[in-house]
Amino acid sequence: MRISRRAVAAATVLAAVLPLSACGAGSGAAGAPDASGKVEGKITFQTWNLQANFKPFFTGLIAEFEKKYPGTEVKWVDQPGEGYADKISADAAAGTLPDVVNVSPDLVAPLAKAGLALDLDKAAAKYKKEYLPGAWAGHQVPGVNGTYAFPWYLNTGPLFYNKKLFKDAGLDAEQPPTTYDELFAQSLRLAEKSKGEIATLANVPTIEDFGRYGVRLMNDEGSAFTFNEPKGVELLTKYKELYDAKALDPQALTATPESSGKKFLTQAVAMNPGSALDLEKFKKEAPTLYKNIGITEQISSTGKDNMYVMGVMVNSRSKQTPAAVAFAHFVTDAQHQMAFAKQVAIFPSTAGSLDDPYFTKEDGTDETRVRIAAAKSLKTAVNYTPVLMSEQMKTELRNSVAKALQGKESPKEALDNAVKACDKLLKQS
């Protein structure tokens, strides 16, 4: 499996169904059943599109767990990426949710609100210190006290830039932008020098970009979005300037991560976010680009990069809570996260793991350079995407951003309307 930098499943159907499922089948009080009993019995572990490429890893991990805890049996089921949220919603509504479930923050939020996700701050607080603070907080839900999944693998990535395009614009290719002011200024310079032929960016601002810019995204209670505050309007106004100057690719309004990546690959844009996985692609498919590739850190006004986090949730209604908690911790402990990270380009969420030589020792390759830079940033990174923000809400934001860039609405009007639409959807869920 190619593990993407962002979760691909929506949670809108899940949010709609789950209020009906709070009285579903199972045993144990929702919230914090006793996890301190004997680790025994049969549990089911569900992953998200991992079996095709990682079957030996997980069968070995399960065998190791069953050996450590005689009397346990773990049934592993793997669901395809397509329709994963729908599968979880159906199981939740039917009371057939597996004991241990691979989730992203947006998927765990409605489960937590429905009382179907175990609160680890109560049931497994002793493990909290084993994980990076930002990762542990990744599965907390505004307005609901507690933490509802063990952090599992993380991902982030640097910005790639095309040194030749920067040089052609008279910019210092060895000094890429490190602040938003520098990014906007250099983007306008590059567009001017290329007479609008070369854009710097291929993506409109997403909720993560507003977060990195320092915009407050939601209120503390998780009852309303706030990204239309003045700082949010300021960011969108800057992007409008880029769009008008052709410093933002005209096709950014309909771009996907894949199409933006292709733009960068064909040297039609000068910068694009990526990961260590992309370098091998550049080397094979665009050797000219690869020779001119520059690597720099994410631009952030907060001093913290964005992280994408996956988690392992325990069903609060599990009949084998001690075994389910023990296995969820086993999957996500430092030893097994490190082993998994060496099989695929992801990063462990456990404290201290990112200090391993694998993430700190240079060997002269670009791939290692990217891995080291990403690992360093993850120590303090946060998940900027609000866990209560569904895919439908992201679409509302994207549509409003497009209207602002096209001049159909002012940046303030556009963000006010996006917040209004997102708040309405939030109340419906």
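User: In which hand does α2 pass α14, left-handed or right-handed?

Analyst: This is a predicted model. Helix α2 covers residues 51–68 and helix α14 covers residues 321–332, and their axes come within 11 Å. The crossing in which α2 passes α14 is right-handed.

User: How many charged residues are in the contact of α2 with α14?

Analyst: From α2 come Leu61, Ile62, Glu64, Phe65 and Lys68, which meet Ala323, Ala326, Phe327, Phe330 and Val331 of α14. Eight residues of this contact are nonpolar and none is polar, while the number of charged ones is two.

User: Which residues of α17 make the contact with α10?

Analyst: Helix α10 (residues 230–244) and helix α17 (residues 391–405) pack at about 55°, with axes 9 Å apart. On the α10 side, the contact is made by Leu236, Tyr239, Lys240, Tyr243 and Asp244. On the α17 side, the residues are Val401, Ala404 and Leu405.

User: Which residues lie nearest the centre of the second largest pocket?

Analyst: The second largest pocket holds about 510 Å³ of space. Its lining has 10 nonpolar, seven polar and two charged residues. Of the 19 lining residues, those nearest the centre are Pro142, Asn383, Tyr384, Thr385 and Pro386.

Terms used:
Residues numbered from 1 in each chain as written. Predicted model: local features only at pLDDT ≥ 70, side-chain atom pairs only at ≥ 80, totals over all residues. Heavy atoms only, no water. Axes fitted to C-alpha atoms, helices over the stretch in contact; angles between N-to-C directions. Helix = DSSP H or I, 4+ residues; strand = E, 2+ residues; numbered from the N terminus. Contact = heavy atoms within 4.5 Å. 1 Å grid on protein atoms, 1.4 Å probe; cavity = no way out; pocket = protein on both sides within 12 Å on 5 of 7 lines; lining within 4 Å. Points joined across faces, edges and corners; volume = space filled by probe spheres on them. Nonpolar A, V, L, I, M, F, W, Y, C, P; charged D, E, K, R; others polar. Left-handed = near helix turned anticlockwise from the far one by under 90°.
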